[in-house]
Amino acid sequence: MTTTIGAVPRQSDRRQDELSGDLPVPLISDAAATGAVAVVGLGYVGLPTALSLMDAGKSVVGYDISEDRLAAIKTGKVDLPEEDRSFLAARIGSERFILTTDAGQLGAVESVIICVPTPVDPQFVPDLTALRLACDEVVRRAVAGQTIVLTSTTYVGCTDDLLVDPLVARGFDVGTDVFVAFSPERIDPGVADHSPRETPRVVGGVTAECARRATALLQRTAPAVHGVSSPRAAELTKLLENTFRAVNIALANEFSDLTSGFGVDPMEVISAAATKPYGFMPFYPGPGVGGHCIPCDPHYLLWQSRRQRRTSPVTEAAMWSIAGRPRTVVQKVRDLLGDNAKAVGGARVLLVGVAYKPSVADVRESPALEIIAELQEAGAEVHYFDPLVESVRTPRGPLMSHTSPDTAEWDLVIAHTLQPGYDYSWLNSAPAVLDTTYRLHDVKNRKIL
């Protein structure tokens with residue numbers, strides 16, 4: 001059961017046949033007068049987007065197909081900075097924030113913002129399942145006067161393929177009847193300084209009027225809006241942003257291996273290079289990358305390049321290097337255990353942190369999961385300690401639960417993700433610590449990759 005915002009009419013109840021696409025030209029909607037915005041997908045991007053819109057004075061319909069996700073939001077059991085968590089708690093139950101699984105609500109708002117995940121499959125091929133379903137629902141429910149903004153990272157031309165062309169097929173004149181734009185999400189979970197309110201937006205509209213309306217919608221949620229010529233330019237902007245990060249992280253990992261081979265701390269070298277005020281931006285080595293950005297987004301560009309029979313050798317090399325980084329960690333574990341005359345089989349190994357980055361409970365694509373799975377397959381007894389993650393399931397293993405670090409003696413401890421605000425001094429009692437964070441300079445028996 002769903003409640004509507006204020007006096008917004010239920011388009012799904014009044015004109016279900018029209019919204020299904022049976023009429024070639026949809027009727028003018030009452031939605032344009034409501035000012036309400038629907039956010040499609042309330043995950044790590046959609047929920048902060050909804051909060052930023054409410055902070056800007058908008059009424060929001062939060063639509064998600066998962067009842068469990070909506071229940072978690074209502075109870076506050078979501079991964080948000082404390083400021084946003086308090087903001088959310090104050091608005092649960094408000095008429096200005098409606099949570100629903102009823103897609104009919106999408107026809108009763110002035111604007112729709114699509115924020116669904118765009119992962120890749122195990123072969124690194126884009127998985128567009130969620131995006132296609134979301135766009136299909138939005139197109140089917142679209143009414144005249146709406147502004148539709150796609151924010152999910154995707155391939156070049158996707159806005160045309162999944163929104164513009166289907167809307168035209170329904171009888172809409174895009175730029176006159178409805179208004180479509182692409183504005184890539186820029187959410188950095190767990191980093192307060194990178195909240196939507198602090199991060200500029202890029203907007204590419206199908207027409208100038210599309211761009212104007214999308215800018216008007218988003219400009220109060222960001223310090224600035226940078227317009228580009230088209231949705232394709234905006235789609236490429238997002239792909240460049242994360243491909244740039246992927247290439248530089250791969251370089252940082254490679255450089256750290258070379259530097260440690262000379263007996264020099266790679267973090268010291270990176271910090272020294274970062275003092276240069278031009279021509280250098282610091283990136284840091286680690287056990288791999290996680291989340292649904294860097295491990296996934298460049299593969300959308302590579303996938304499209306292959307279809308066009310083009311090559312992207314720098315990006316391809318970087319992504320293969322990133323994908324292989326967890327195996328580098330496992331090999332280092334073998335070496336360190338061997339140095340202590342201990343085989344991997346039967347060794348007791350503790351991972352410190354399984355989230356893909358500090359300050360979050362997010363384990364999507366976390367290198368820790370692959371590290372755990374590889375060690376388990378080699379016969380190691382693996383446990384983990386992460387105060388923000390109660391349980392995880394590895395790709396090839398059973399459900400694991402968070403454990404206390406002082407419950408057993410470990411043959412090796414792997415520092416994977418250090419959650420801020422917690423005491424890690426107990427690491428000094430470990431016989432060996434593999435520091436994949438490169439930050440535990442004062443820990444005894446510390447080794448780096």
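In the predicted model, strand S13 (residues 412-415) pairs with strand S14 (residues 433-435) in the parallel sense over 3 bridges, where strands are DSSP runs of E of at least two residues, numbered from the N terminus, and two strands count as paired if DSSP finds at least two bridges between them. Within this pair, valine 413 has valine 433 of S14 as its bridge partner. Helix H12 (residues 313-339) packs on the sheet and touches S13, S14 and S15, its direction making about 150° with that of S13; helices are DSSP runs of H or I of at least four residues, contact means heavy atoms within 4.5 Å, and angles run from 0 to 180 degrees between the N-to-C directions of axes fitted to C-alpha atoms, for helices over the stretch in contact.

The pair belongs to an open sheet of 5 strands with parallel pairing, in the order S10-S9-S13-S14-S15. Strand S10 (381-385) and strand S15 (446-447) stand at its edges with a single partner strand each, so that one side of each is left without a neighbour in the sheet. Helix H13 (residues 367-377) lies across strand S9 (348-352), S10 and S13, and runs at about 175° to S9.

A further open sheet is formed by 8 strands with mixed pairing, in the order S3-S2-S1-S4-S5-S6-S7-S8. Its edge strands, S3 (97-100) and S8 (225-228), each pair on one side only, and the twist averages 25° from one strand to the next. Strand S2 (residues 60-63) pairs with S3 in the parallel sense over 4 bridges, with threonine 100 of S3 as the bridge partner of tyrosine 63.

Residues are numbered from 1 along each chain as its sequence is written, and side-chain values use heavy atoms, with hydrogens and water left out. Because the model is predicted, local features need pLDDT of at least 70 and side-chain atom pairs count only at pLDDT 80 or more, whereas totals for chains, interfaces and linings use all residues.
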